[in-house]
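Terms are given with their cut-offs where they come up.

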Amino acid sequence: MNEERYHQLRDIIQIYLPEDVSVTDISKESHFTNELNINSAHLVDIVLDVEDAFDIMLENEDMERMQTVGDALDIIETKLAKK
């Protein structure tokens with residue numbers, strides 16, 4: 001897994017963390033809603049930011065699969081490999 005992409009994704013997620021969650025709480029195993037307390041509206045913002053940052057398009061099924069930070073990284077890696 002690409003560490004640079006992980007850090008880039010972590011920087012995107014950090015913007016949307018609620019006050020009670022620290023950037024140090026973000027790991028590849030972190031669940032967006034259950035552990036990082038990111039609401040569905042912010043999850044959509046994260047998806048849009050990921051699309052812009054990595055120049056990819058995420059489909060509805062990608063968004064449904066994106067439960068953890070690791071899931072998001074896998075989807076990003078797969079999309080970039082197809083470019």
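## Asp62 in helix H3

Leaving out residues up to four places away in sequence, Asp62 touches Met57, Ile75 and Lys79, where contact means heavy atoms within 4.5 Å. Asp62 has its place in helix H3, helices (H or I, at least four residues) and strands (E, at least two) being DSSP runs numbered from the N terminus. With a relative accessible area of 6%, Asp62 is buried; buried means under 20% relative accessible area, exposed over 50%, and partly exposed in between (1.4 Å probe, protein chains only).

## Basis of the values

The model is a predicted one, in which local features need pLDDT of at least 70 and side-chain atom pairs count only at pLDDT 80 or more, whereas totals for chains, interfaces and linings use all residues. Residues are numbered from 1 along each chain as its sequence is written, and side-chain values use heavy atoms, with hydrogens and water left out.

## Helix H1

Helix H1 runs over residues 3–15, and its 13 residues reach 19 Å from the first C-alpha to the last, close to the 18 Å expected at 1.5 Å a residue; the expected span is 1.5 Å times one less than the number of residues in the helix. At the start of H1, the backbone nitrogen of Glu4 has a side-chain oxygen of Asn2 within 2.9 Å.

The buried residues of H1 include Tyr6, Leu9, Ile12 and Ile13. These four lie on the same side of H1, because they cover an arc of only 125° around the axis, the arc being that of the directions from the helix axis to the C-beta atoms. Glu4 and Ile15, on the other side of H1, are exposed. Among the elements that cover the buried residues of H1 are helix H2 (40–54) and helix H4 (69–81).

## Ile13, Phe32 and the nonpolar core

A nonpolar core is a set of buried Ala, Val, Leu, Ile, Met, Phe, Trp, Tyr and Cys residues joined through side-chain atoms within 4.5 Å. The largest such core has 24 residues, and those with the most contacts inside it are Ile13, Phe32, Leu36, Val50 and Val69. H1, H2 and H4 each supply at least two residues of this core.

Ile13, which is placed in helix H1, counts as buried at 0% relative accessibility. Residues up to four places away in sequence aside, Ile13 touches Ile26, Phe32, Leu36, Ile38, Ile46 and Val69. The C-alpha atoms of Ile13 and Asp45 are separated by 9.3 Å, although these residues are 32 residues apart along the chain. For Phe32, with neighbours within four places in sequence left aside, the contacts are Ile13, Asn37, Ile38, Leu43, Met66, Gln67, Thr68, Val69 and Ala72.

## Thr68 and helix H4

Thr68 is found in the loop between H3 and H4 and is buried, with a relative accessible area of 17%. A polar atom of the Thr68 side chain lies 3.0 Å from the backbone nitrogen of Asp71. Residues up to four places away in sequence not counted, Thr68 touches Lys28, Glu29, Ser30, His31 and Phe32.

H4 has 13 residues and reaches 18 Å from its first C-alpha to its last, close to the 18 Å expected at 1.5 Å a residue. Its buried residues include Val69, Gly70, Ala72, Leu73, Ile75 and Ile76, and what covers the buried residues of H4 includes H1, H2 and helix H3 (60–65).

## Positive phi in two loops

Asn37, in the loop between H1 and H2, has a phi near 55°, a positive value in a residue other than glycine. Asn37 is partly exposed, with a relative accessible area of 37%. Phi of Asp55 is also near 55°, again positive in a residue other than glycine; Asp55 is placed in the loop between H2 and H3 and counts as exposed at 56% relative accessibility.

## The chain as a whole

The secondary structure of the chain comes to 4 helices and 0 strands, following the pattern α-α-α-α when read along the sequence. The radius of gyration is 12 Å, close to the 12 Å that the globule rule gives for 83 residues, so the chain is as compact as a globular protein of that length; this radius is taken over C-alpha atoms, and the rule is 2.2 Å times the number of residues to the power 0.38.

Taken along the principal axes, the C-alpha atoms fill a box of roughly 40 × 25 × 20 Å. Of the 83 residues, 36% count as buried. Among contacts in the chain with a separation of 6 or more, 53% are accounted for by residues 24 or more positions apart.

Methods
A polar contact is a pair of N or O atoms within 3.5 Å; within protein, one must be able to donate a hydrogen and the other to accept it, and residues adjacent in sequence count only if both atoms are side-chain atoms.
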